[in-house]
Each structure stands twice: as C-alpha cells, then as structure tokens.
Amino acid sequence: MYRCGLLLVLLNFGHDVTASTSKGVEKLLELGTDFLSTGRYQDALSYFHEAAEQDPGNYVTFYKRGTVYLALGKAKQALLDFDKVLEFKPDFTAARIQRGTVHLKHGDLDKAELDFTNALIVYPDHEGAINSIHNTRIARDQIQSAETYLRHGDYYSASQVLTQTIEICSWSSYLRELRAKCRIQLGDYAGAVSDIRSTTKLTADNTKGYYELAKLLYQLGQVQDSLKEIRECLKLDPEHRDCFPFYKKVKKIAKFLEDAESASESSEWDSCIDKSNRVLKNEPTLDNVRLTALRMLCKCYTSNSEADEAVKNCRAALDIQRDPETLCDSAEAYLAGDMFDDAIRDYKEALDIDSNNQRAKQGLQKAQQRQKQSESRDYYKILGVPRNAKKQQIIKAYRKAAQKWHPDNFPDAEEKKRAEKKFIDIAAAKEVLTDEEKRAKFDRGEDPLDPESGKHSGFNPFQEFHHFQQGGSPFQFKFHFN
C-alpha cells in the first residue's frame, strides 16, 4: 500500500501542471490511475499505452506511464518516458527528479547530479532533491575508495564499501561486477554468483555476464547450473566466441555425470564407473568437478564389490573435501573390504564434524558390530561371496564348497575331522544367507545360529548333510567331535 501511495503522490504532483487533454484521454488516464491505486500495474500500463497513442504530445501521459514502468522495475522504458516528458516540458521538476533517481540507481552519478541540481533551480528547498544530491556525492566518494582498495588488493574493505554503495546505486551492474570479484577473492562464492546473476538481469544482452556466471558455477562443480547459464548466452549470440566452445565442454561433462547418476540409480555399476571415469579424463584439473565423479566412483566401486578401487577413489575425494558425506562414503568402501578400523575412524571423523549425522551414527554402529562379528564366524567369507550376493549366487557357492569339503572326500582321520568342521560352517552359512530373516540379523551383527545369543533357531547340520547329494547318492559318514 505504501508503494501505491507513493506512486499516487508522484502522479498527483504531475497534475499540478496543466496539460491540454481530450476527454477520451482524460478518461483513460483516470482508469489507469484507478488500477494503479490497487496495485494492478499491468492494467494501468495498458490504459496509459492507449492514452499515449491517442495523444502522443501529452507529457502527463508519458510521466504517468514512466512512473508505472519504474514501479515494475523497467528502468530503461521509464527513462525513455521521462526523457520524453522533459523534452515537452523542461521545467517539469517531478519528472526530472524521477529521472535523476533512475540515473542514481544505475550509478550514472554525473547525470543524476545534473538532474537534481536543475530541479533545485526551480525548487531550491526541495528536500528530496537535496537528499539525492547528498547521496550522489557519497556514492561517488565510496566508489573511488572501493577502486583504491581493489588496486591495493584489500578485497575485504573494497567489498564492505561496495555493499554500502549498492544500497544507493542498487541497479549498477558495474558495482556488482566489482563486488563479485572481491567475493571470489574472499571465498564467498555464493555471494559472487548472486552478484553476477544480478548483472545478467540489469544489463540487456549481457553475454559476458552469462559467460562469467557459467564459468564460476562450473568451477564450483555445479555443472548443470553452469550448462543452463551458458545456454542463455548462446540464446543471445549462438556463435559467441567464448560461450560456444565452453558450452560444448560443459555439455559433455554434464552428460557423463547425468549418465553416471542414472546408472547408479539403476544399479548398473560398470556403466556408472565408466561414465565417471570419462569425467575425470575430460576434466583433469578442476577439483570441484572431479569431486562429483570421484564420489560416484567411490559408491559404484563399493557396490560392485571392488573395495580397493573404491577406497582409492574415496581417498582422492577426501583429498579435495573432507565433509561428513564423503567420509561416510569412504567408511563404506572400507567396510566392503572388511577394513573395520579404517571404517570406524572415518565414521568417527564424520561425527566430529557433525555430531548429529545419522548416517555416520548408524554406520559407526554397523562397523563396530561387523568388527566384533569378524572375530567369530563370517558366513560371507565361508562361502566366498560378497555381502551383496544374490540368493542364487549363494546357493551356487554353497554347492561348490560342500562338494570340496564333504568329509567322505578325506580318508585320513585328521583331515576328515577338519573337513567335518568346515562342512558344518558351510552348511551354517547356507542356512543363514538363504533365509532373509536370518541374513538380516547377521547383517546387523547378530549370529542367528549362536546358542549363546538366546535366539538359536535350532539349525541341525546333520539334516543338511543328509539332504546334500553328490552324483545322485547321499553321503554316508559319521561325525567325530572329540
């Protein structure tokens, strides 16, 4: 409401000066002003357009339309209308002050000061013009100070001064470009992105702004966002000498990353690994882009049961960024290789950074359980299968191991005794890992066949041996446990 009220005050100020207006145009201006009073700027604008077409020599019409343009943030159109008003009526002070305000916001300080000075010639005590001249001179001094700080490499002081100046010259693309440079030097990349993005809106056809924004986003590892901005540059100039080659590079990297992510979601580990390695090949230097690919390799190698490669890529990722999520990725790679101490160390480091990280809490508990479990029977190791093995793979491994270690294959008493123990472990492994509930308990660190756990399921290895056949005939043998 305050904004609408202010606009109406400015419009009414324009009515202080009489203008030759037909009744039709008068009605259009009246309707436009009514819509303006309720904040319906686009409706108001349509009536002012029509009034300007009917009476192109009416300065009041251009003044009102310029004021609405200003409310909509369309400074370029507003300036054209205020120029037209002052062309018709050079002593129209309200239009001159409005135009000076637009120049000040854009950082065109000389033009702004000239407009405010001319307004004061007509109205020497005009408070708005006096304050605006004061702000214009402050902004000029601040810009000079900021440029001096920049020349001496004092980016912090320059950034502080520029922030103050931008409060006065909020539409200045130049000042935001300067502050973006400072923020990059200070490591405030989010602030720099915001400033450069503003310049693409403040300046028409700003191919340079889109190119700089795309480069910065790419350097930050935000490849898809970079691709989006570089496309905006090419919309303005499809053959831009900087944007076009950069677009081809970013598009290729973005496609590899997208394909790797899609492969990971579909559990296509080999494809995920291939696409991620292509990213590293095509981007050999930029760490933030490589980080995404390294983390993908860390996860996909882990899921593909290639623990050594998983650990190598996880450590490379941690050399770039030691954050809780990457540490948890690394810990899971160590777990896949049964390197429990290393996994526990990484989970603990993740919790040192973020004590509430649930993934690290749960992972640490799992790693400690697995470490404890490793001191007893590990059913996965007994059958020689990975922890993510499918049931069919487990049964195949069981049959192979059972054929090898069946006690009837060992005539020597001592060897038979050792084989009997091995066979019992093999049968137990098959019992646990082919039963979803028992396998889930084992994966949580609990042995469902351990009598001391109080949850022994009554597994009978003799029954398993009775059913196991080789060559179509059941094995006949006796067990000796003494």
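Guide: A salt bridge is a side-chain nitrogen of Lys or Arg within 4 Å of a carboxyl oxygen of Asp or Glu. The model discussed here is predicted, and a search of the whole structure finds 34 salt bridges.

Visitor: Why is the meeting of the side chains of Lys312 and Glu309 called a salt bridge?

Guide: The N to O distance between the side chains of Lys312 and Glu309 is 3.3 Å. The cut-off is 4 Å, and the pair therefore counts as a salt bridge.

Visitor: Where do Lys312 and Glu309 lie?

Guide: Both belong to helix α17 (residues 307–320), where they are 3 residues apart, about one turn of the helix.

Visitor: What makes α18 roughly parallel to α20?

Guide: The axes of helix α18 (residues 324–336) and helix α20 (residues 358–374) cross at roughly 20 degrees and come within 10 Å. Angles under 35 degrees count as roughly parallel, so α18 is roughly parallel to α20. In this crossing, which is left-handed, α18 passes α20.

Visitor: Which residues of α18 and α20 meet?

Guide: From α18 come Glu325, Cys328, Asp329, Glu332 and Leu335, and from α20 come Arg359, Ala360, Lys366, Ala367 and Arg370. By class, the contact of α18 with α20 holds 6 charged and 4 nonpolar residues, and no polar ones.

Visitor: Why is α18 called roughly antiparallel to α19?

Guide: The axes of α18 and helix α19 (residues 340–353) cross at roughly 165 degrees, coming within 8 Å. Angles over 145 degrees count as roughly antiparallel, and α18 is therefore roughly antiparallel to α19. The crossing of α18 and α19 is left-handed.

Visitor: What residues make the contact of α18 and α19?

Guide: On the side of α18 they are Pro324, Leu327, Cys328, Ser330, Ala331, Glu332, Tyr334 and Leu335. On the side of α19 they are Phe340, Asp342, Ala343, Arg345, Asp346, Tyr347, Glu349, Ala350 and Ile353. Classed by residue type, 11 of the residues in the contact of α18 with α19 are nonpolar, 1 is polar and 5 are charged.

Visitor: What makes α23 roughly perpendicular to α24?

Guide: The axes of α23 and α24 come within 6 Å, and their crossing angle is roughly 105 degrees. Angles of 65 to 115 degrees count as roughly perpendicular, so α23 is roughly perpendicular to α24. Glu431, Val432 and Leu433 of α23 make the contact with Lys438, Arg439 and Phe442 of α24. The residues of the contact of α23 with α24 comprise 3 nonpolar, 3 charged and no polar.

Visitor: Where is the place of Thr434?

Guide: Thr434 sits in the loop between α23 (413–433) and α24 (436–443).

Visitor: Why does the reach of the side chain of Thr434 to the backbone oxygen of Lys430 count as a polar contact?

Guide: The distance from the side chain of Thr434 to the backbone oxygen of Lys430 is 2.5 Å. Leaving aside residues up to four places away in sequence, Thr434 touches Lys391, Ile394 and Ile395.

Key
Residues are numbered from 1 along each chain as its sequence is written. This is a predicted model: local features need pLDDT of at least 70, side-chain atom pairs count only at pLDDT 80 or more; totals for chains, interfaces and linings use all residues. Side-chain values use heavy atoms; hydrogens and water are left out. Helices (H or I, at least four residues) and strands (E, at least two) are DSSP runs, numbered from the N terminus. A polar contact is a pair of N or O atoms within 3.5 Å; within protein, one must be able to donate a hydrogen and the other to accept it, and residues adjacent in sequence count only if both atoms are side-chain atoms. Contact means heavy atoms within 4.5 Å. Axes are lines fitted to C-alpha atoms, for helices over the stretch in contact, and angles run from 0 to 180 degrees between N-to-C directions. A crossing is left-handed if the near helix is turned anticlockwise from the far one by less than a right angle, and right-handed if clockwise. Ala, Val, Leu, Ile, Met, Phe, Trp, Tyr, Cys and Pro count as nonpolar, Asp, Glu, Lys and Arg as charged, and the others, Gly among them, as polar.
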